[in-house]
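Colleague: Could you take one part of this model and go through it closely for me? I would like a connected account of a helix pair.

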Amino acid sequence: MKFTLNIWRQKGPDEHGRFVSYEARDVSSGTSFLEMLDSVNQGLIAKGEEPVAFEQDCREGICGSCSLVINGIPHGPDRGITTCQLYMRRFPDGAVITIEPWRARAFPIIKDLVVDRRALDRIMQAGGYISVHTGGAVDGNVLLISKDQAETAMDAASCIGCGACVAACKNASPALFVGAKVSHLELLPQGKPERTNRVKAMLEAVDREGFGSCGNQNECEAVCPKRISVRFIAILNREYLRAGVVESGLPAEPESPHAEST
Amino acid sequence: MMTLDPKIPPGPLETKWDRRRFSEKLVSPNNKRKITVIVVGTGLAGASAASTLGQLGYQVECFCFQDSPRRAHSIAAQGGINAAKNYQDDGDSVARLFYDTIKGGDFRSREANVYRLAQVSAQIIDQCVALGVPFAREYGGQLANRSFGGVQVSRTFYCRGQTGQQLLLGAYSALCWQVERGQVTMHPRTEMLDLVTVDGKARGIVARDLVTGRLSIHTAHAVVLATGGYSNVYYLSTNASGSNVTATYRVWKQGAAFANPCFTQIHPTAIPPGGAHQAKLTLMSESLRNDGRLWVPTMRADHRCPGDIPDGERDYFLERRYPRFGNLVPRDLASRAVKAVCDESRGVGPGGQGVYLDFSDVIAQQGSDVIRERYGNLFDMYQRITGEDAYHAPMRIYPAPHYAMGGLWVDYNLMSTIPGLFVIGEANFADHGANRLGASSLMQGLADGYFILPYTIGHYLATAKLTPVGEDHQESRSAFQRVTSRISRLLSVKGRRTAASFHREVGQLLWNHCGMSRNEEGLTSALTSIPALREEFWRDVMVPGSGAAFNQELEYAGRVADYLEFAELLCHDALHREESCGAHFREEYQTDDGEPQRDDSRFSHVAAWEYREDTSPVLHKEPLAFEFVQPTTRSYQ
């Protein structure tokens, strides 16, 4: 198979970028998208030219490194996969393919197709954890967790932090990313004690990092390689509302025998 | 002269670790604030160690080459994590997990280390639950278990097929907390390229900022390496493409002993290689062997569709050879059995490199919904890569390099032969002997990071006499100089071949001569070919761009240069070990029916290699004493 690639090239964060056209020849249909780019790069290196910079690591859809907008869609045309899981048999022979980096103010371009996603780490550092010391944890079966609840928490926890949700959103909102983490921890008894502060701290970090707000258009869900549901954004909104109620001093859950300290 | 003192506490096995913890000196809380520890790598071992050291009050400088600590390759572990909880009441215990691991490692690991690993295993599960890891649960709300290869109890805890991801995200969230508290400073996209030693002690590292290309010196009171394994030396492996040997190899050159490098695990169930373009092999979790049956046609070169081959003309070779464990034999045996039937021209798929992993029986019994719930993501992955639907036709699988049991030599306190240099997780050699059992790597990484290193490093820091060392120290400058000159040398060759082409070539060489089976002739020839290839690399490699910028090709070429040296060490070790044990199968040492022959009289030792600049590496032996278990022929028949 043969393809024409229009690839975004940009030397550095402060440089102007532009599309450059490359030919990929003799590609077999069982080649992965990234292997196809590898072979284009091998050709460039052999000519002494700088290869196209792009991110990848595990190549099995779990590390969250790969991050390409392919023909306008983060991670390409198929649903529920990362770029590294996309195979060339998905494209017709002779196709013209446009490849761009994630585009968002909070993700500055480092080089070509590589962007800086540390903003997501900083959101996590603001509150995406349970503050528990190593050692002294109670037996894992002390707190029973129903199968359904554990499965739903797992659905949320399977986020790989790739940032496709941000790239797909016209507001560059990480609501799905934050919602997934807030929901994962809120759904488990271990995460409940810090839920009020967590949601507030994480959303404050979102604003600090220059991300936009959720417009409820669900484009994030459509491109999420782990098919994380937008109902976790609903949980995020509910948690945020609840945090406001708790902070106002009103009882958030009147049936709860234990008042929560904030 | 290098000495290997494993520092194993004397006395009964069950209380060794307790007694060691009590006899260790502690660092007072006030002094911890004044101590800096460098942790390199943020996988399960690195992230759990860095976060725990931060909680204890040390100042931690933590490095990873990925853009975020959450992307370390532990993330890709699929199947599960072992723990001697005995929740199933099926006869499990610390002693049994200990014995299974020692036996699984073919009696080439230290009893004391393995027992300690089994002891802390239960704590790991509790810790992870407390961190919010969403382990699979039963309907009653209790933690669920599954079985794994090489054992007869159900002790594996799991999060669907993404256990490594969830455990790593747990450790990463603990790390995030410590970053927020200011105890850990994270340096992502920063690669360690050399070690600073002062008065023979590890005191810092030289690292390259992968975005700007700037080199920097970081000094500390101790250095912890958690930089993973080296299976990528084979080029095609199940590892992430960034996984590399550079950190461990370069500290070897600074005096840390490298132990048992030839113990490399070839995982039986990966998707078979497709073509020359291929950059990695994709693992299909071992947990599939719980329900799938491995078979090949009885006839050679049988090209019929699998569905057209009647049961009587199928060879369920693992069930035939190992009736007691069947499809759940340990990885080394399964891989060699696959290779054996493929060598008999009974392999299936392109090039005859593959065997069937068939789920039709279990689907007929339990329905495809049950299988979808258990392994849905793996079946999906298989379909995407091969274009085939494993619910209707059997999968094809073939072995692939996967895990390194070998690594830097460490004593019972996880310290290498360089004082102050600690090595944890896959990067060390200690616990898995000659073969690792499934779901044990996650256990070991977290045991080292959460529960062992934080104690043992304290003793070192409390007792070592450490003078202040800064960036301007002579040793810091000379390590800096080593890195600078290597980078400029790489950039100055300006040859015609890409680093990847050399990597592929050395990987192929190792796969042929030092892969699933090895012999003297092949190893000797590899030891002649590797130096020649290395010489060609330094004459003809092409690294475009500059060192003072983001340059992925430069990063990669540096790693390939290290593989080209490390491959030789691997072959030296394989050549010296004139026995077959675990993953190391020497063709000269096998029984008439092809089972491995171990030689305890000559090789019941850890082979620890010392670097010499001008000659071949020098071998030191740490004898393995078995006081509590009797090494037996490892039989799964």
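Modeller: What follows is a close look at one pair of packed helices.

This is a predicted model, in which local features need pLDDT of at least 70, side-chain atom pairs count only at pLDDT 80 or more, and totals for chains, interfaces and linings use all residues. Residues are numbered from 1 along each chain as its sequence is written, while chains are lettered from A and ligands numbered from 1 in the order in which they are written.

Two packed helices are described by the angle between their axes and the distance between the axes. In chain B, the axes of helix 14 (residues 499-513) and helix 15 (residues 520-540) come within 10 Å and cross at roughly 175 degrees, where helices are DSSP runs of H or I with at least four residues, numbered from the N terminus, and axes are lines fitted to C-alpha atoms over the stretch in contact, with angles from 0 to 180 degrees between N-to-C directions. Helix 14 of chain B is therefore roughly antiparallel to helix 15 of chain B, a term for angles over 145 degrees.

From helix 14 of chain B, Phe502(B), Glu505(B), Val506(B), Leu509(B), Leu510(B), Asn512(B) and His513(B) meet residues of helix 15 of chain B, namely Gly522(B), Leu523(B), Ser525(B), Ala526(B), Ser529(B), Ile530(B), Leu533(B) and Phe537(B); contact requires C-beta atoms, placed from the backbone, to lie within 7 Å. The residues of this contact divide into 9 nonpolar, 5 polar and 1 charged, with Ala, Val, Leu, Ile, Met, Phe, Trp, Tyr, Cys and Pro counted as nonpolar, Asp, Glu, Lys and Arg as charged, and the others, Gly among them, as polar.

Elsewhere in chain B, Tyr235(B) is found in the loop between strand 9 (222-225) and helix 7 (246-252), strands being DSSP runs of E with at least two residues, and the phi of Tyr235(B) is near 65 degrees, a positive value in a residue other than glycine.

How values were computed:
Parallel < 35°, antiparallel > 145°, perpendicular 65-115°, else oblique. Contact = placed C-beta atoms within 7 Å.
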